[in-house]
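Colleague: Please take me through this model slowly, and for each term you use, tell me what it rests on.

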Amino acid sequence: MSLLEAQGIVAGYGAAEQILKGAGLRVEPGEIVTIIGPNGAGKSTLLKVVAGLVPMAEGRLVLDGRDVSSADAIGRARAGLAFMPQERNVFGAMTVAENLDVSGFLEPKAAKARAEAIYARYPVLAAKRRALARTLSGGQRQILGLAMALMTEPKILLLDEPSAGLSPKAADELFAAIVDLNRSGLAVLMVEQHALEALAISTRGYLLVAGRNAAEGRGPDLAEDPEIRRLFLGGA
Amino acid sequence: MMSAFAQAVLNGIMNGALLAVPAVGFTMIFAVLRYPNFAIAAYISTGALAGWVANTWLGVGALPALVVAFAAAGLVGVAVEEAALARLRPSGALTVAIASIAANLVVENMLRFGFGNDLRGYDLPLRPDFRIAGLRIGPQAVETFLLAAVVMAVLFLFLRFARLGRAMRAVADNPDLARLKGISPRRVAMVAVFLGAGLAGGGGVLLGLDTAIDPLTGYRVLLSVFAAAVLGGLGSIPGAVVGALSIGLAEEVAMLAIPATYRSAIGFAAILLILTFRPRGLLGERAV
């Protein structure tokens with residue numbers, strides 16, 4: 001049984017033309033799955049639909065054997081799904097400690113112990129626990145966003161372009177952190193602008209074009225596919 | 001002249017403390033729901049009259065009257081939000097702001113229907129003013145100032161350390177992200193409206209301790225309250241306190257130079273100046 005299965009997703013924003021026109025994907029336990037595709041393909045929209053931030057007009061979403069198609073974002077968070085948006089993924093006017101605390105809203109009794117475990121995993125956050133989130137560097141902010149997503153101990157982590165705007169060094173550190181989390185058993189579904197790097201660490205990947213699935217395969221295979229490299233990754 | 005100025009400064013601080021409580025209520029609602037709720041004037045009057053009922057009918061002191069006023073105005077605020085304003089939110093902030101003006105008129109007239117237009121005063125013992133270094137200070141004003149300070153301190157602690165308080169700040173900062181963390185913006189909005197309207201009602205009692213009240217008590221201070229919130233930065237709670245103290249001071253000090261009939265011009269001038277030179281207000285970036 002797949003951990004996450006999205007079938008025939010049709011969705012968009014308001015009255016405009018639907019952006020997703022029947023896209024689907026699945027994530028098995030322990031996998032890293034990356035969605036790639038050209039601008040406007042609907043990659044981020046698909047993640048937002050799965051997270052419950054954008055409603056779907058058609059389709060079905062099953063999380064860990066449970067149909068969560070009609071659940072809202074809060075219901076999906078309760079069901080074990082965590083989403084780190086591309087932008088504004090921390091509460092800028094709150095301290096690092098407050099960000100972690102408020103991210104444990106669903107299980108307040110466990111929040112303190114989980115925050116301590118996160119400080120042990122990411123010492124940079126421990127050192128900055130009293131700093132306002134908006135004063136952190138880009139890389140530190142992404143680590144905080146990642147840590148906030150972990151406060152619910154999710155079954156699957158959704159990441160929307162986590163390395164966007166980061167320096168190459170900070171992006172490498174972030175990818176290392178994602179791999180580290182995955183090795184501890186957490187499934188990851190992400191959209192990433194650095195598609196080659198993301199596919200290299202992915203179990204599988206999906207190519208999305210104009211709101212539909214165009215290809216699927218093992219991550220490293222997709223990264224090496226000359227057609228994909230030529231069309232979407234800017235490589236030869 | 002110097003002592004008149006010092007007296008005006010002292011009065012201004014007292015006046016500012018009075019304005020700060022409803023101004024914080026106003027800005028708290030704005031921070032979470034992102035619209036200016038002008039029905040706050042009616043909530044101030046509701047609180048003032050609810051406190052008056054508790055004080056003169058039930059014989060309770062200022063502090064219990066403050067609690068009664070907080071609860072009454074908070075409930076009226078939630079009822080107005082649920083009955084009228086919440087369903088207009090998808091139409092945008094301007095629509096809700098205009099609707100809040102209409103809601104203000106409705107609640108104000110309901111109060112007028114129930115209590116009439118007579119001026120009323122709280123039943124509290126008259127006490128002589130203190131005189132310190134030539135300055136006159138009323139004991140009631142000092143108590144009112146302290147009550148306002150306690151209310152602000154409790155609110156500050158709630159927003160800093162209470163789980164619900166932090167959730168409110170999270171929704172004010174980023175409602176979508178808050179939802180992803182399992183926080184319901186709708187529920188938090190209701191809490192914010194209850195607290196904001198309740199604070200306005202508490203401010204009504206503080207005004208009632210200082211002066212006579214009627215159903216237009218809130219309307220008379222609305223401009224000053226709005227100016228305080230804008231001056232401090234809409235959505236910023238410390239900003240509302242700073243703004244209220246600034247407006248309170250400016251109103252009292254200006255009376256040394258201009259006739260009292262122009263008092264309301266101070267609020268207009270403050271709004272005009274701040275929007276021209278610093279549109280986000282003095283502390284507009286910090287929600288708490």
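Modeller: In this predicted model, A:Glu5 has A:Arg26 of β2(A) as its bridge partner. Residues are numbered from 1 along each chain as its sequence is written, while chains are lettered from A and ligands numbered from 1 in the order in which they are written. Local features are given where pLDDT is at least 70 and side-chain atom pairs count only at pLDDT 80 or more, whereas totals for chains, interfaces and linings use all residues.

Colleague: Why are β2 and β5 of chain A called edge strands?

Modeller: The open sheet they belong to has four strands in the order β2-β1-β4-β5 (chain A), with antiparallel pairing. β2 (20-27) and β5 (66-67) of chain A each pair on one side only, and that is what the name records.

Colleague: How do you know in which sense β9 of chain A runs beside β3?

Modeller: Strand β3 (residues 32-36) of chain A is joined to β9(A) by four bridges, and the two run parallel; A:Val33, for example, has A:Arg204 as its bridge partner in β9(A). β9(A) and β10(A) form a hairpin with two residues between them, and A:Ala210 in the turn has a positive phi of about 50 degrees.

Colleague: Why do you say that β9 of chain A is mostly covered?

Modeller: A residue is buried if 20 or more other C-beta atoms, placed from the backbone, lie within 10 Å of its own, exposed if 12 or fewer do, and partly exposed in between. Five of the six residues of strand β9 (residues 204-209) of chain A are buried.

Colleague: What makes helix α3 of chain A largely enclosed?

Modeller: Seven of its eight residues are buried, so α3(A) is largely enclosed by the rest of the structure. Among the buried residues are A:Val96, A:Leu100 and A:Val102, and also A:Glu98 and A:Asp101. The buried residues pack against α4 (108-121), α5 (123-127) and α6 (138-150) of chain A together with α6 (163-173) of chain B.

Colleague: How many residues does each chain give to the contact between the chains?

Modeller: Two residues are in contact if their C-beta atoms, placed from the backbone, lie within 7 Å; 21 residues from chain A and 17 residues from chain B take part. On the side of chain A that touches chain B, the elements giving two or more residues are α2 (73-79) and α3 (96-103) of chain A. That side has 14 nonpolar, three polar and four charged residues, where Ala, Val, Leu, Ile, Met, Phe, Trp, Tyr, Cys and Pro count as nonpolar, Asp, Glu, Lys and Arg as charged, and the others, Gly among them, as polar.

Colleague: What makes a group of residues a nonpolar core?

Modeller: The members are buried Ala, Val, Leu, Ile, Met, Phe, Trp, Tyr and Cys residues joined through C-beta atoms within 7 Å. The largest such core has 169 residues, and those with the most contacts inside it are A:Leu158, B:Ala20, B:Val24 and B:Val32. Helix α1 (residues 2-33) of chain B gives the largest share, 15 residues. Leaving aside residues up to four places away in sequence, B:Val32 touches B:Met168, B:Val171, B:Ala172, B:Val188, B:Ala189 and B:Ala192.

Colleague: How do you know that chain B is as compact as a globular protein of its length?

Modeller: Chain B has eleven helices and two strands. Its radius of gyration is 18 Å, close to the 19 Å that the globule rule gives for 288 residues, so the description holds; the radius is taken over C-alpha atoms, and the rule is 2.2 Å times the number of residues to the power 0.38. For chain A, with 236 residues, a compact globule would have a radius near 18 Å, and the 17 Å found agrees.

Colleague: What confidence does the predictor give to chain B?

Modeller: Its mean pLDDT, the predictor's confidence in each residue from 0 to 100, is 90, and 98% of the residues of chain B reach 70 or more. For the complex, the predictor gives an ipTM of 0.87 and a pTM of 0.84.

Key: Pairing = 2+ DSSP bridges.
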